2 protein chains.
Amino acid sequence: MLDDRKLDVLRAIVEDYVSTEEPVGSKALVERHNLGVSPATIRNDMAALEDEGYIAQPHTSAGRIPTDKGYRLFVDRLSTVKPLSVPERRAIQSFLEGALDLDDIVARTVRLLAQLTRQVAVVQYPSLSRSGVRHVELVPLTSHRLLVVLITTTGRVEQRVVETSTEVPETLLGELRAQLNALTVGVRLAEAAGKLSDLPDRFTPEQRPVVASVLSALLESLVEEHEDRIVLGGTSNLARFGPDFPHSIRPVLEALEEQMVLLKLLGEAGDPSVLTVRIGAENAHEGLTGTSVVSTGYGTESEMLAKLGVIGPTRMDYPGTMGAVRAVARYVGKIVGES
Amino acid sequence: MLDDRKLDVLRAIVEDYVSTEEPVGSKALVERHNLGVSPATIRNDMAALEDEGYIAQPHTSAGRIPTDKGYRLFVDRLSTVKPLSVPERRAIQSFLEGALDLDDIVARTVRLLAQLTRQVAVVQYPSLSRSGVRHVELVPLTSHRLLVVLITTTGRVEQRVVETSTEVPETLLGELRAQLNALTVGVRLAEAAGKLSDLPDRFTPEQRPVVASVLSALLESLVEEHEDRIVLGGTSNLARFGPDFPHSIRPVLEALEEQMVLLKLLGEAGDPSVLTVRIGAENAHEGLTGTSVVSTGYGTESEMLAKLGVIGPTRMDYPGTMGAVRAVARYVGKIVGES
DNA sequence: ACTTGGCACTCCGACAGATCGAGTGCCAGC
DNA sequence: GCTGGCACTCGATCTGTCGGAGTGCCAAGT
């Protein structure tokens with residue numbers, strides 16, 4: 001049904017449309033790509049492509065633009081990820097290596113992605129549930145207040161204030177701190193919760209209320225997923241989305257403000273070790289049907305810690321964007337792994 | 001020069017223009033406000049106001065719109081801050097009281113402000129330099145790595161990883177921890193740095209390298225202003241800025257992405273205990289000449305901890321916005337003070 | 001069987017008048 | 001000092017025209 005030339009035509013249409021932002025016609029096509037055939041032939045091919053739903057015309061007798069389905073085919077079979085140039089790679093590496101701590105790594109990554117792709121960048125903090133416990137600390141604040149601090153192997157710090165019914169003596173505090181660390185350090189967060197279940201039994205009855213409240217705060221920190229923070233960057237690139245965008249920018253901005261939407265967006269992508277592209281209506285959220293999301297996981301060799309990606313108009317430079325996302329993910333994975 | 005009626009006219013122009021977003025003419029003015037005089041009279045007044053630079057016409061023979069100078073006069077002398085309704089106040093209070101920790105307070109505040117004003121909200125984290133030390137903690141990670149954690153009275157946690165040249169025995173760690181806390185707890189961050197200057201002298205020469213590196217990390221946390229984080233919300237309200245906004249939204253989005261610009265913006269406002277309005281070109285940043293910033297400080301009774309505010313088009317509802325900003329600042333100040 | 005040139009047709013976009021109406025400035029009269 | 005009247009300006013809107021890009025189809029060529 002779709003011979004090689006028709007695929008060539010589709011590829012040419014996508015490429016031209018992406019670069020010119022205007023519907024592309026048969027004549028312009030043969031002029032810009034040496035297809036070796038006449039416009040009339042191309043027209044026939046275009047008609048076939050339109051029948052199959054890969055391209056469409058905005059109105060009768062205008063040029064063609066790719067449909068979501070057309071982009072899908074383009075991404076899956078007609079294009080290859082465009083590797084970044086050596087200077088670009090070097091720039092990424094040195095930029096990320098200058099980072100001070102986890103916050104800084106994430107902040108730099110998001111800037112980098114936004115600049116490289118000239119689109120909106122999204123970076124998820126390394127997820128709590130996949131990382132391990134590095135240390136638990138108890139800090140007395142006032143006589144009836146304790147600060148519970150959880151430090152993870154990915155360098156994240158979670159804190160919670162606990163109100164205690166009774167005053168907590170330093171000895172109990174030390175004992176509790178020692179026990180908590182002995183039981184959990186090195187253990188995955190998800191599993192750490194289980195290890196703590198019999199902790200209250202090791203303390204005297206009058207100590208138990210305090211132990212219990214500390215424990216519940218800690219468990220909250222351990223389990224709670226809601227702190228799966230996401231950082232955004234390059235929002236101003238939205239202004240380049242298109243000339244029709246008073247209409248289209250609003251819902252996108254709204255969607256971007258919702259952490260939940262972004263989390264879902266990254267979450268929906270499948271295997272995190274692979275580059276995922278979700279095109280137009282493939283994105284569940286309705287404000288984002290005019291956009292595409294290119295995302296992938298990042299992390300150490302052994303496991304993916306979190307995801308990152310960019311959001312742009314369906315009419316985007318897929319090969320270039322995919323190359324940038326993949327490259328950034330690799331480097332940031334390396335950096336995170338080292339620290 | 002400007003009698004009372006002329007001021008009334010200016011006020012009416014501002015109010016009408018804000019609500020209709022269209023240049024307002026003399027006839028419409030007398031219809032909507034009972035000024036008790038004829039359109040012709042109003043026209044004379046308008047001509048006078050225009051001579052003085054308070055209003056302008058977009059083109060010959062269109063209605064008038066206020067200039068920055070006009071808004072300035074309106075804000076300074078023609079309007080009063082509009083207090084929120086009781087239900088609104090109650091909603092603010094209960095919404096903020098549900099907050100879990102400092103991050104949550106800030107996140108909720110920014111949402112609240114954005115929703116109340118339907119504009120872009122900006123909230124600065126309680127500044128480090130104004131808060132005090134609550135606790136310093138040293139956590140061994142590996143044999144040659146230490147985590148230095150600084151907890152402030154405002155509930156903020158700063159952390160830094162320190163590489164030590166030698167292994168650090170637990171006894172030294174305990175001693176150092178005790179000394180650090182003894183010297184700094186309760187002291188303002190800005191002053192704490194000074195108190196630590198002679199600390200190395202209290203340790204033996206072979207301990208000093210470790211002490212010195214911990215100290216430098218801690219001082220960095222204490223002094224460093226760059227973590228003066230700012231949180232944004234309600235960006236999608238930008239889409240309501242105006243119909244001419246493909247042109248105008250871009251620079252605003254760009255400005256909002258720069259933490260530095262936002263910090264300056266809030267910083268420029270004078271006395272933080274008072275509500276400040278900066279209109280149009282009064283904002284130094286060039287991307288924001290079409291916007292106004294309403295900001296104020298928030299904090300405990302005794303001192304202002306940080307600032308918050310909203311950014312919107314110069315054509316905004318000043319009394320309402322000012323009321324909302326003031327109310328939110330009061331409540332969040334109360335909440336922060338309690339924790 | 002595919003490709004090609006030709007041709008009629010469609011329809012968007014730009015341009016030019018024409019018209020409308022809101023708003024103004026000015027002036028003479030109250 | 002206020003008011004009504006009046007001529008004028010100028011943007012916004014509508015209309016019609018025109019050109020051009022692009023299409024679909026067909027008959028002829030390879």
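These legends walk you through several close-up views of a predicted model. Residues are numbered from 1 along each chain as its sequence is written, while chains are lettered from A and ligands numbered from 1 in the order in which they are written. Because the model is predicted, local features need pLDDT of at least 70 and side-chain atom pairs count only at pLDDT 80 or more, whereas totals for chains, interfaces and linings use all residues.

**View 1. How chain A and chain B are related.**
Two copies of a chain are related by a rotation about an axis and a shift along it. Here, chain A is superposed on chain B by a rotation of 180° with 0.1 Å of shift along the axis, giving an RMSD of 0.2 Å. That is the relation of a two-fold axis. The superposition is by least squares on the C-alpha atoms of residues with pLDDT of at least 70 in both copies.

**View 2. Where chain A meets chain B.**
The contact is made by 23 residues from chain A and 23 residues from chain B. Two residues are in contact if their C-beta atoms, placed from the backbone, lie within 7 Å. On the side of chain A that touches chain B, strand 4 (133–142), strand 5 (145–152), strand 6 (157–163) and helix 10 (245–257) each supply at least two residues. Helix 10 of chain A gives the most to this side, with seven residues. Helices (H or I, at least four residues) and strands (E, at least two) are DSSP runs, numbered from the N terminus. By class, this side of chain A has twelve nonpolar, five polar and six charged residues. In this grouping, Ala, Val, Leu, Ile, Met, Phe, Trp, Tyr, Cys and Pro count as nonpolar, Asp, Glu, Lys and Arg as charged, and the others, Gly among them, as polar. The copies meet through the same surface, because 96% of the interface residues of chain A are also interface residues in chain B.

**View 3. The nonpolar cores.**
In soluble globular proteins, nonpolar side chains tend to be buried together. A nonpolar core is a set of buried Ala, Val, Leu, Ile, Met, Phe, Trp, Tyr and Cys residues joined through C-beta atoms within 7 Å. A residue is buried if 20 or more other C-beta atoms lie within 10 Å of its own, exposed if 12 or fewer, and partly exposed in between, with C-beta atoms placed from the backbone. The largest nonpolar core has 130 residues, and those touching the most other members are Leu113(A), Val122(A), Val328(A), Leu113(B), Val122(B) and Val328(B). Leaving aside neighbours within four places in sequence, Val328(A) is in contact with Ile92(A), Thr109(A), Leu112(A), Leu113(A), Leu116(A) and Leu308(A). A second, separate core has 45 residues, including Leu176(A), Leu222(A), Val168(B) and Ala217(B).

**View 4. Helix 11 of chain A.**
This helix covers residues 259–268, and Leu262(A), Leu265(A) and Leu266(A) in it are buried. Seen down the axis of helix 11 of chain A, the buried residues fall within an arc of 90°, so they line one face of the helix. The arc is that of the directions from the helix axis to the C-beta atoms.

**View 5. Around DNA strand D.**
DNA strand D is surrounded by 21 residues, and the closest are Gly25(A), Val37(B), Ser38(B), Thr60(B) and Ser61(B). A residue is near a molecule or strand if its C-beta atom, placed from the backbone, lies within 6 Å of it. Helix 3 of chain A gives the most to the surface near DNA strand D, with four residues. One of the closest residues, Ser61(B), sits in the loop between strand 1 (55–56) and strand 2 (65–66) of chain B. Ser61(B) counts as exposed, with 6 C-beta neighbours inside 10 Å. Its phi is near 60°, a positive value in a residue other than glycine.

**View 6. Around DNA strand C.**
DNA strand C is surrounded by 21 residues, and the closest are Val37(A), Thr41(A), Ser61(A), Gly25(B) and Ser26(B). Two or more residues each come from helix 3 of chain A, and from helix 2 (26–32) and helix 3 of chain B. The largest share, four residues, comes from helix 3 of chain B. The surface near DNA strand C divides into eight nonpolar, ten polar and three charged residues.

**View 7. Thr276(A) in its strand.**
Look for Thr276(A) in strand 8 (residues 276–279) of chain A. Thr276(A) is partly exposed, with 19 other C-beta atoms within 10 Å. Not counting residues up to four places away in sequence, Thr276(A) touches Ala269(A), Gly270(A), Ser295(A) and Thr296(A).
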